[in-house]
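The questions below concern the packing of a single model. Each answer works towards the value or name that was asked for.

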Amino acid sequence: MSFQRNFAATKETSRINQFKLTHYSDKKGWGAGAKEKYDEMFDAKERASQSGEVDEERIVADVLGYSAMKLISPSPDLNL
């Protein structure tokens with residue numbers, strides 16, 4: 001399964017899509033270093049989907065680090 005890099009409006013935005021929505025704009029482009037982090041998260045999600053176990057909370061935490069994850073959106077379900 002391959003994920004497409006399009007972002008249709010959904011009831012619940014994934015963590016990786018949320019990262020793009022907060023770090024990219026059509027007018028200004030990507031924030032400093034954000035494109036590389038997004039690509040890393042996207043690639044990790046694609047690899048995880050091949051095994052059938054996609055945990056976006058973990059992927060974002062692994063790429064950005066736990067402290068950055070807490071700043072983005074603390075989740076009581078994240079057990080690191």
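Q: How many aromatic pairs does a search of the whole structure find?
A: The model is a predicted one. Ring pairs link Tyr 24, Trp 30, Tyr 38 and Phe 42 into a cluster. For the whole structure, the number of aromatic pairs found is three.

Q: Is the pair formed by the rings of Tyr 38 and Phe 42 stacked, edge-to-face or tilted?
A: The ring centres of Tyr 38 and Phe 42 are 6.1 Å apart, and the planes meet at 35°. Planes under 30 degrees apart would count as stacked and those over 60 as edge-to-face.

Q: What separates Tyr 38 and Phe 42 along helix 2?
A: The two residues are four places apart in helix 2. An α-helix has 3.6 residues a turn, so residues three or four places apart point the same way. The separation of Tyr 38 and Phe 42 is therefore about one helical turn.

Q: Is Tyr 38 buried or exposed?
A: Buried means under 20% relative accessible area. Tyr 38 has a relative accessibility of 3%, so this residue counts as buried.

Q: Why are the buried residues of helix 2 on the same side?
A: In helix 2, the buried residues are Ala 34, Tyr 38, Met 41, Phe 42, Ala 44, Lys 45, Ala 48 and Ser 49. Exposed on the other side are Glu 36, Arg 47, Gln 50 and Ser 51.

Q: Which elements do the buried residues of helix 2 pack against?
A: Ala 34, one of the buried residues of helix 2, touches Phe 19 and His 23, leaving aside residues up to four places away in sequence. Taken together, the buried residues of helix 2 pack against helix 1, strand 2 (29-30) and helix 3.

Q: What distance does helix 2 reach from its first C-alpha to its last?
A: Helix 2 has 18 residues, and 26 Å is expected at 1.5 Å a residue. The reach of helix 2 in the model is close to that expectation, at 26 Å.

Notes: Residues are numbered from 1 along each chain as its sequence is written. This is a predicted model: local features need pLDDT of at least 70, side-chain atom pairs count only at pLDDT 80 or more; totals for chains, interfaces and linings use all residues. Side-chain values use heavy atoms; hydrogens and water are left out. Contact means heavy atoms within 4.5 Å. Rings of Phe, Tyr and Trp (its six-membered ring) pair if their centres lie within 6.5 Å; planes under 30 degrees apart count as stacked, over 60 as edge-to-face and the rest as tilted. Buried means under 20% relative accessible area, exposed over 50%, partly exposed in between (1.4 Å probe, protein chains only). The expected span of a helix is 1.5 Å times one less than its number of residues.
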